[in-house]
Structure formats: structure tokens, C-alpha cells
Amino acid sequence: MKITKAEIFMVDLKPKVKRVDAIQSFVSQETPIVRITTESGLVGEGYTYTIGTGGSSVVALLNDHLLPKLIGRDSSMIEEIWESLLFSTHATSVGAITSLSLAAIDTALWDLKCKRLGQPLYKAAGGAKSKIKLYTTEGGWLHLSTEDLVKDALDVKAKGFCGSKIKIGSESPVRDIERLEAVRKAVGGEYVIMTDCNQAFKFSEGKQRAALLEHINLSWIEEPFLAHDVDSHKKLCESTTIPVAVGESMYSVQHFKEYLQNNAADIIQVDVARIGGITPWLKVAHMAECFNKIVCPHFLMELHISLCCAITNSRWLEYIPQLDGITLNQVKIENGIAYPPQEPGIGIQWDWEKIRKETLVHHVIE
């Protein structure tokens, strides 16, 4: 089980649709991929991502500091490796670059573990369920017209999807309300509608907007304030009936603990790349269960499908296809329901011919 070789590849994936929210335009997805080989020849593969900047920094941290520390280690000692690598980067932790780097290694180690066990990830990590409902974000971007929002919601509803997430944060709250009211009228009362603010508001703005949206029957309002502002999220939870969702911009288990202890969030959106891998993701998910909170992870559909099915307190999976251009398989979807991969490993079949052709950086450590 000893690790004899580690490789890193980085590709840059362009989104298939234009993605604009209240603070940014998502035009690039740098995707570092790690391959870990053991003395038996078994290979584990993991990955991480950025949304346009920082990919080269992730690669540098992996190549210069983290991957060399794997050589000769027992690949089955996942917790030990994660903790030792985190400690070795204590000067840059907690932080996005460190967590994103750890995630690529940790998912590769879990891929190895599942292959050794002969189990798919969702069973090896818990085995709580065999399917989960999908909602879509791809048709809810801020730049889209009201007509486009309505059309997409009706289209995905017809395909069996449970709901749509719509970006808010227009200069005028009236525009946001009109767009959401149009979608609600078109899809009916039972269809799930979420909103996402992308950390755009100060507290007074977020409180006002939440009050104006109460009548639309929203399933959550996401990231109204900066992720470090636990107090504002707590006060909003206390002042609105709309569930408050946070998590995609948080990089440590301890930060989630602070939110949960303060009852400052209703929906936990832990992201496996940004939290540092599957190992800490499961800790956050189980901690959320102890506080009777729902987990609905951010992005990374191809990996989160298995993790959602590993835990009891997941409710919905976010539909944003991410890896179609460099994989040989896709998430199985039928009538708006997603099913986890059944083969041993994390369930992502990489197209290495395409990856090698499109790789911007490749490093080998032995």
C-alpha cells in the first residue's frame, strides 16, 4: 500500500454557459488532477478546482511541498496523511489554496481506498441512500432575462428536477422580486426555488431583501453576507422565515462548527474541494446531522453525488455539469433523480487521452 509515485496534471475547463452572479463572472475552471500510484500498481485519482485564478498556486503547493511528502507513506492511513499535511502547511492554513490542494490528495486516497475495498464511494463512506433529487443552477444566472429564467425552470421541471436556484443581487431589489415572482407563477407552489446572493450584501440590505422575498416561498437564501460574518448570518436566521444557506466559501471544519453552535445557518453547503477533501467533508456532514441541519453541497456534482448518498441528512444535489469534457462517464440522471456510480472508487472515469492533450502543467514526483 506504500505510495511510490505522485503526479499532477492541470487542465483549464471553460464553462458551457455564461455564468454571472452578483460579484463575478465565472469564465474559467482550472482543474488540477492528482494521480497516486502504490507499490502494487493500484492508482488513485483525485482533483480540485478554482474558478479562474489560483490554479498555478495550487499546483505549486502540491508539487513543491505536499506530494513529495507522500512518497513511501501507507496510502491506507488517510486521516494520518491529511493531518500531517495540514500541519506541514500550518503557515498557510486555514486558507483556500491549502484546502484546495489537500482535497486533490485526499480524494485520490479515497479513490484508492474504495478500489482496494471493491466498493463505490457512496457505500465505503456510509451507504445511506441510493439516489437523490436534483435542482439546477445553470439556468438561473444573474444576467439572464426573466423570460429565460422562466423557460429554463419550466424545462427542467418537465424533466423531473425538483427545483431551480436563481441568482439575486441586482442593483434594484424590485428586479430580483419581479424575476422570482415570474418563475414562481410559472412553476407553481410545490416547485423548489432557491436564491443565491454570493456574499453581495451588508446586513441591512440582506435583511431588507429577505423581508421582501418572504411571500415567494423560497427554500433558502444563500450566502447573503461575507462567509466570515457569522453574526450577521445568525441575526438574519432570527429575523426571517427563509432558511439561510452557507458553506461554499468556508475552508475548515472549525468554521462550520462556529456556524452550527451559533445557529447561524439552516442549510450546510460544504464543498469537498474547499473544505480539503472527503475526510473533512464527512466530518462536517456528520456534525451538521448532530445539529439537525440539512446538507446540500456546493458544485462538484460528479463527486458530491456519492457523498450525498453516503449520509442521511442530504436533501438536494446541485446540477452543474463540470467534467464532461475530460471524462468518459457522466452522472446517471433519470426523471430529475441522480444515482451514484456503482464501480469501485470515486466513480469518475477520466479520459486520459484528452487530459494529456489539454494539460497545461504536468509534474511527476517519485
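These legends go with several close-up views of a predicted model.

**View 1**
Let's start with the overall layout.

**View 2. Where domain 1 meets domain 2.**
Now zoom in on the place where the two domains touch. On one side, 37 residues of domain 1 take part, and they are in contact with 40 residues of domain 2. How much area is buried between domain 1 and domain 2? The figure is about 3100 Å², with carbon and sulfur atoms giving 64% of it. There is some charge pairing here too: 3 salt bridges are found across this interface.

**View 3. Salt bridges, with two to look at.**
Side chains of opposite charge can pair when their charged atoms come close. The count of salt bridges in this model comes to 20. One of the pairs is D324 with K16, whose side chains meet at 3.1 Å, N to O. Another is K115 with D111, where the closest N and O atoms are 2.9 Å apart. Why are K115 and D111 about one helical turn apart? Both belong to helix α3 (residues 96–117), and they are separated by about one turn because they are 4 residues apart in that helix.

**View 4. P321 and the residues around it.**
Here's a proline in a loop: P321 lies between β13 (316–319) and β14 (332–334). Which residues does P321 touch, leaving aside its neighbours within four places in sequence? They are R19, E138, M301 and E302. As for W281, it is 40 residues from P321 in sequence and 20 Å from P321 in space, C-alpha to C-alpha.

**View 5. A cavity inside the protein.**
Searching the whole structure turns up 1 cavity of 30 Å³ or more. Which elements give two or more residues to the lining? Those are α5 (146–158) and β7 (163–167). Sorted by type, the lining residues come out as 3 nonpolar, 4 polar and 2 charged.

Technical notes
Residues numbered from 1 in each chain as written. Predicted model: local features only at pLDDT ≥ 70, side-chain atom pairs only at ≥ 80, totals over all residues. Heavy atoms only, no water. Contact = heavy atoms within 4.5 Å. 1 Å grid on protein atoms, 1.4 Å probe; cavity = no way out; pocket = protein on both sides within 12 Å on 5 of 7 lines; lining within 4 Å. Points joined across faces, edges and corners; volume = space filled by probe spheres on them. Nonpolar A, V, L, I, M, F, W, Y, C, P; charged D, E, K, R; others polar. Buried area = accessible area lost by both parts, 1.4 Å probe. Salt bridge = Lys/Arg side-chain N within 4 Å of Asp/Glu carboxyl O.
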